[in-house]
Amino acid sequence: MKLLGAVFVLSELTAVITGPPGNPTHPWIGFHGSIVDQASFLGLFNIQRWIAFFIYGLIVSGAVYVFRTQKQFIAQVRTAQRSVTSNKSVKITTSIATITLVVLLPTLVADPFWQNAMVSQIAVYVLLALGLNVVVGFAGLLDLGFVAFYAVGAYATAWCTGALPLPALFGVHLNPFYAIPVAIILAMISGIILGIPTLRLRGDYLAIVTLGFGEIITLFANNLNGITGGAMGTAQVPHFSVHVGPVNYVWGIPPVPYYYLTIAFVGIFIVAFSLLEHSRVGRAWTAIREDEVAAESVGINPLKYKVMAFAIGAASAGFAGVMTAAQTNYVTPATFTLALSINILVLVIFGGMGSIIGVVFGAVVIQTITMYLIHNPPAGYQPQDLYIYIGALLVIMMIFRPAGMIPARRRSRTNASLDSSQG
Amino acid sequence: MNNLFEVSDVTLRFGGVVSLSNVSMHQKRGEILAVIGPNGAGKTSLFNSLTGVYQPQEGVITFTAKDKPSISIIGKKPFAVSDAGVARTFQASRMFNALTTFENVKIGAESHKGIGALGAMFRGPATRRDEHVSDERTWSLLEFVGLKDRANVIASSLSYGERRRLEIARGLATNPEVLLLDEPAAGTNPSEKNELTDLIRRVRDDMGVSILLIEHDMKLVMALAERLYVLNFGSVIAEGTPDEIRANQNVIDAYLGTASEVETDNA
């Protein structure tokens, strides 16, 4: 009974927090709206908000109760799961099914909002999460300014295609396809420039410096009016197009062709990064992450590999920048905020640091939830409430699966201490 | 020159604390040399100075690999010292806990090759050949230290004695001239100690790798070492064969204390 009361109070508190704001003349309208407004219950039927939130609360506390009391049962389920997922034919079937689903998805999803979201809000975020996963997950470096590389990629595209006040890179207005290598290389170079001086730092210090770097790039974009177009940015980035012999194709407003293009590159990055993970370079990253002093003692140059992780992670962010710039046609500094850096980090942490499948899963799930809330907002939902929901999701994930939804195989439970060896 | 390490007048300070003062020593090629001394005497500081982890303020440390010119260790980073042919283990074993035993050793075996991110990504024939060589080397070393059947176990689940052997294998994988062992017998039981003594001797005899050893276990030290240095309060107080050291009055005083002296730990 006490538990039920607590759940009730917490749920209704959440309902009030996420409800509509009050106003000075009718301060109580916010509360009133929070409690009795109609809300769609998971889009199934409409009920009053207080009932909807109470049901959510009951579901969550039920899950906690089951988890607490049925530990043994859950452990059994997990081992069964593991023995199934380690089976090779199951693995192959699952991946074929996933690929088929991904390819057929645009035919299943007809809503133009979702078709657009699949490209600009999900596929692009998958790319960003994959890139940040190399830095945070593989090499263990906390980067809070990852959005800077995304910005470099987007502005490089605008530069190559002649959309900036700055004269176009090669004098001609190029198709964004040619911007891909330029953007990737520029993003990698900025990764190296940022990395060489800062990667001597560890942990929190590195996080602060990278955070500063992200802000610097945004400030540059905002204020270098003659180069970047200032706060207005540019809206003239052309679409992708192919003109080879008889083939003339222009990617345009419809998002589906962009979907396939982005997905193809997501596939390439996934394959490249997983090959890298299981190579000498991936092992060296793990070694540095686990114990830098020991890694150095067996001849690994930590700075070299860390800079490499920055550059390689930046490459996929740079590519994500190209996709965004070409698909939406515009590039503005307002896109590249600290909140976006943190958002990407959330995708990586939620999915499972260091696990490629995990971060892809995390990016898809979190971005889908975000888009769902924007597209079908529950009654009284405010855009700024988003982080309450995402935050709650992260807290629940931290309780039940602290290593992420799909944890990496290669991550130790204990943190090796970073101090140097003592005598 | 036949000396592997040549240390002369090395002084290492941390602010006002003098960790090593005017230490001079040398190690001959192929020798099993031990450094002993009470807690806080500066043994591990000496190790860290020899491997580039600490940078002594004064003195010279030269290292001469076989058929190569002498190099100065001071001013070199640990990975460069490792490249030159110095491998080490740590007092509290430091493994890559998230990786398997096999991968731990393999990292040592492949760390001195070129980086090649692209090669690693696309698996050209050269990369595959390299991988094959590293795999072979890793297997033979695991067999050498007796961890072959534990190859696919996550390193953090190994026992204390197994961790010591893993660290030795990982050090040997870098193809060193000399292996520095920092208290390899700490936390091992008597039968593991005997195995370890045997293993260390085999490293020298079969692989031709010189050994520099820090150890508190006198039985192990006296059984293995051909020559010893005794450190106390950062200075060398004695040098000689095990028998000479056992009879040395300075050493006995350092370990047991004299009537006028109160021993302090300043580690």
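Among contacts in chain A between residues at least 6 apart in sequence, what percentage join residues at least 24 apart? In this predicted model, the figure for chain A is 74%.

**View 1. Overall make-up of chain A, with its helices, strands and two domains.**
The secondary structure of chain A comprises 17 helices and four strands, and of its 423 residues 40% are buried. The chain is divided into domain 1, which covers 2-74, and domain 2, which covers 107-400; the C-alpha centres of these two domains of chain A are 35 Å apart.

**View 2. The hairpin formed by strands E3(A) and E4(A).**

Once its neighbours within four places in sequence are set aside, the contacts of Ile288(A) are Ala139(A), Ala295(A), Ile300(A), Pro302(A), Tyr305(A) and Lys306(A). Ala163(A), by comparison, is 125 residues from Ile288(A) along the chain, and the C-alpha atoms of these two residues are separated by 42 Å.

**View 3. The largest nonpolar core, with members from chain A and chain B.**
This core contains 169 residues, of which Ala129(A), Ala309(A) and Leu213(B) touch the most other members. Helix H6 of chain A (residues 112-138) gives the most to the core, supplying 17 residues. Around Ala309(A), and not counting residues up to four places away in sequence, the residues touched are Val134(A), Val135(A), Phe138(A), Ala139(A), Leu141(A) and Trp285(A). As general background, nonpolar side chains in soluble globular proteins tend to be buried together.

**View 4. The contact between chain A and chain B, seen through the residues that chain B supplies.**
Chain B brings 35 residues to the contact and chain A brings 31 residues. On the side of chain B that touches chain A, helix H1 (43-50), helix H2 (78-84), helix H3 (101-110) and helix H4 (117-122) of chain B each supply at least two residues, and H3(B) gives the most, with five residues. Sorted by class, this side of chain B consists of 14 nonpolar, twelve polar and nine charged residues.

**View 5. The open four-stranded sheet of chain B and the helix that packs on it.**
The four strands are arranged in the order E2-E1-E4-E5 (chain B), and their pairing is antiparallel. Strand E2 (17-28) and strand E5 (71-72) of chain B are at the edges, where each has a single partner strand, so one side of each is left without a neighbour in the sheet. Strand E1 (residues 3-14) and strand E4 (residues 58-63) of chain B run antiparallel and are joined by five bridges, with Thr11(B) having Glu58(B) as its bridge partner in E4(B). H1(B) packs on this sheet, where it touches E1, E2 and E4 of chain B, and its direction makes about 65° with that of E2(B).

**View 6. The open six-stranded sheet of chain B, with mixed pairing.**
The strand order is E6-E7-E8-E3-E9-E10 (chain B). Strand E6 (86-88) and strand E10 (235-240) of chain B stand at the edges with a single partner strand each, so one side of each is left without a neighbour in the sheet. On average, and with direction ignored, neighbouring strands of this sheet are turned by 20° against each other. Strand E3 (residues 32-36) and strand E9 (residues 227-232) of chain B pair in the parallel sense over four bridges, and Leu33(B) has Arg227(B) as its bridge partner in E9(B). Helix H7 (residues 190-207) of chain B lies across E3, E7 and E8 of chain B and runs at about 150° to E8(B), while helix H10 (residues 249-256) of chain B lies across E9 and E10 of chain B and runs at about 130° to E10(B).

**View 7. Strand E7(B), with both faces covered.**
Five of the five residues of E7(B) are buried, so this strand is largely enclosed by the rest of the structure. Val178(B), Leu180(B) and Asp182(B) are buried on one side, and Leu179(B) and Leu181(B) are buried on the other. E6(B) and E7(B) run parallel and are joined by three bridges, with Val178(B) in E7(B) as the bridge partner of Val86(B). E7(B) also pairs with E8(B) in the parallel sense, over five bridges, and there Leu181(B) has Leu213(B) as its bridge partner.

How values were computed. Residues numbered from 1 in each chain as written. Chains lettered and ligands numbered in written order. Predicted model: local features only at pLDDT ≥ 70, side-chain atom pairs only at ≥ 80, totals over all residues. Contact = placed C-beta atoms within 7 Å. Nonpolar A, V, L, I, M, F, W, Y, C, P; charged D, E, K, R; others polar. Pairing = 2+ DSSP bridges. Axes fitted to C-alpha atoms, helices over the stretch in contact; angles between N-to-C directions. Core = buried A, V, L, I, M, F, W, Y, C linked by C-beta atoms within 7 Å. Buried ≥ 20, exposed ≤ 12 C-beta atoms within 10 Å, placed from the backbone. Domains from an automatic or database assignment.
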